[in-house]
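Subject: Structure handover

Hello,

Here is the structure I promised to pass on. Please open it alongside this note, which goes through what was found.

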Amino acid sequence: MHPIKLNLLVALAFALTLFANSSEWIWGSIYHFTHPAWQVVSILAAYALITLAFVASLTIFLGSKKSLQIVSFATLVLYIYTVYVVARQLNAAQVPWPMSAKYFSIVVVLLGISIFLYSAKIEYIVRVNTAISLSAIFYLISPLLVVAFTSQVVASPFKKINNTNTIYLLLDELSDTAIDPIIRALESENIKPIRSSLITAGSDTIFSIPAMITGKKFDQARPCSATAVCSGGNILDFSKISQVENKLSIVGVHHPYCAIKGLRYCYQSMLPTYESIIIDSVCFFTKLVYRGQLDFCSSRLMPPNLVNNVRNEMFSAYWAAPFWSEGGVMFAHFLLPHPPGLHIEGGLNEEYAANINDAALFVTANIVALDKKFDKNYTLVITTDHPLRRNVWCKFKRYSNDGCMSDPLYSSKNVPMIVASRASYYYHPPDNGINKFQLDVR
Ligand SMILES: [Zn+2]
């Protein structure tokens, strides 16, 4: 085989194995819209080019056979590791191995690969690289095939309540024990809200919202296409949500809400993670060699200025929605009272308490606007996806020093469902139910 072709083949095999190992990051970046798709593609292309440059320089210094052996060694190790990770995710490798057996098998695998690469003819090594490339491509696109052939149509849960103009306001990370400022805000507008304390549909945004929409469990959920999330046999493809109200407006983040067809208006915010995709991808790819969280990465995740830019753009999109002139139904998913602090920087408890107050001010602004526009003909549903996640935030460097675990006030296991209306109908609050968007109205 021509040396240039050979270099291309082994570099491609390594890069594709790396991408297969990172399929969670690839699909996650596109699904959550952490970065525009063109940036994700550019980063992958950059990694492929760096690999190619590395292979080419090895060939120049060591000759093509040695270069082929060294790069194929790295590819095979990464490939076997990737297969092991996938098997573990599929629960096929859950049997705990004793440490000695683990080390023994690692030595056997490394020895096996070395002997094969040392003794095999070049054409066999080329064949192995080709097979690895093809299986990595198949693995990368297989979720798309699963979604295309098995996802089912799901009815939109965002319906008018009792024929009133209805807002479903999802305030991300609102603990059930933290809602007093919001209740007081409603009461000071002379509204007696009906409130329920419900079991959260999932411990994280990726698990709970698909469960709230479908009524099925999504505890293993992960993005499996640009518009779908998969959890075991359960799939929610946002592009297959049907029976959409013809005046449904959505302003959202984290899930690809704008993939829903037939919306009157939609604003999809970028999910703030790292300031640039370069830091994001470096922090992800370093996990291949170091599973822990590097300080460099931890201190750069969700910086307040980035989150606040996203919030302000979402508020603007919310108040610009045609709902405010035409009525209908609106669903909005805001990163509030979700940390970090909207207006202050302090410890986790301080920032969270301040964010709850900001959320209460936002609720008041909603009631004032609804009264002005629709008189009594409206319903405001306030709910959330999960309570405050101390286990997540206390790992952040900026919160870990302030006695992160000390305040029990916000450590609820339940989530609230608050229904606020001046219209005369009876809403039956679900007691002890699981949080869902489907409400029982009589
Ligand atoms: Zn959330």
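Three strands make an open sheet in the order S4-S5-S6, and their pairing is antiparallel. The edges are strand S4 (222-223) and strand S6 (234-237), each of which pairs on one side only. S4 joins strand S5 (residues 228-231) through 2 bridges, in the antiparallel sense. Look for Pro 223, which stands opposite Val 229 in S5. As background, strands of a sheet pair through backbone hydrogen bonds, either parallel or antiparallel.

**The whole chain**

Please keep in mind that this is a predicted model. The mean pLDDT of the protein is 90, and 96% of the residues score at least 70. Strand S10 (residues 329-334) has the highest mean pLDDT, at 98, while strand S14 (residues 440-441) has the lowest, at 64. Where pLDDT is low, the predicted coordinates should not be read in detail.

The protein holds 15 helices and 14 strands. Its C-alpha trace spans about 80 × 45 × 40 Å along the principal axes. Of the 442 residues, 38% are buried. Among contacts with a separation of 6 or more, 72% link residues 24 or more positions apart.

**The nonpolar cores**

In soluble globular proteins, nonpolar side chains tend to be buried together. The largest nonpolar core here has 79 residues. Which members touch the most others? They are Leu 169 and Ile 182. Helix H13 (residues 348-374) contributes the most to this core, with 8 residues. The core draws at least three residues from each of domain 1 (3-150) and domain 2 (154-441).

Leaving out residues up to four places away in sequence, Leu 169 touches Ala 332, Leu 380, Val 381 and Ile 382. Another core, of 19 residues, lies apart from the largest one; its members include Ala 15, Leu 16, Leu 18 and Leu 68.

Tyr 168 sits in strand S2 (residues 165-171). Is Tyr 168 buried or exposed? Tyr 168 counts as buried because 22 other C-beta atoms lie within 10 Å, and the cut-off for buried is 20 or more.

What does Tyr 168 touch, not counting residues up to four places away in sequence? Its contacts are Phe 158, Phe 331, Val 381 and Phe 437. Val 381 is also among the residues that Leu 169 touches. Thr 384 is 216 residues from Tyr 168 along the chain, yet their C-alpha atoms are separated by 9.9 Å.

Best wishes

Methods. Residues numbered from 1 in each chain as written. Core = buried A, V, L, I, M, F, W, Y, C linked by C-beta atoms within 7 Å. Buried ≥ 20, exposed ≤ 12 C-beta atoms within 10 Å, placed from the backbone. Helix = DSSP H or I, 4+ residues; strand = E, 2+ residues; numbered from the N terminus. Domains from an automatic or database assignment. Contact = placed C-beta atoms within 7 Å. pLDDT = per-residue confidence, 0-100. Pairing = 2+ DSSP bridges.
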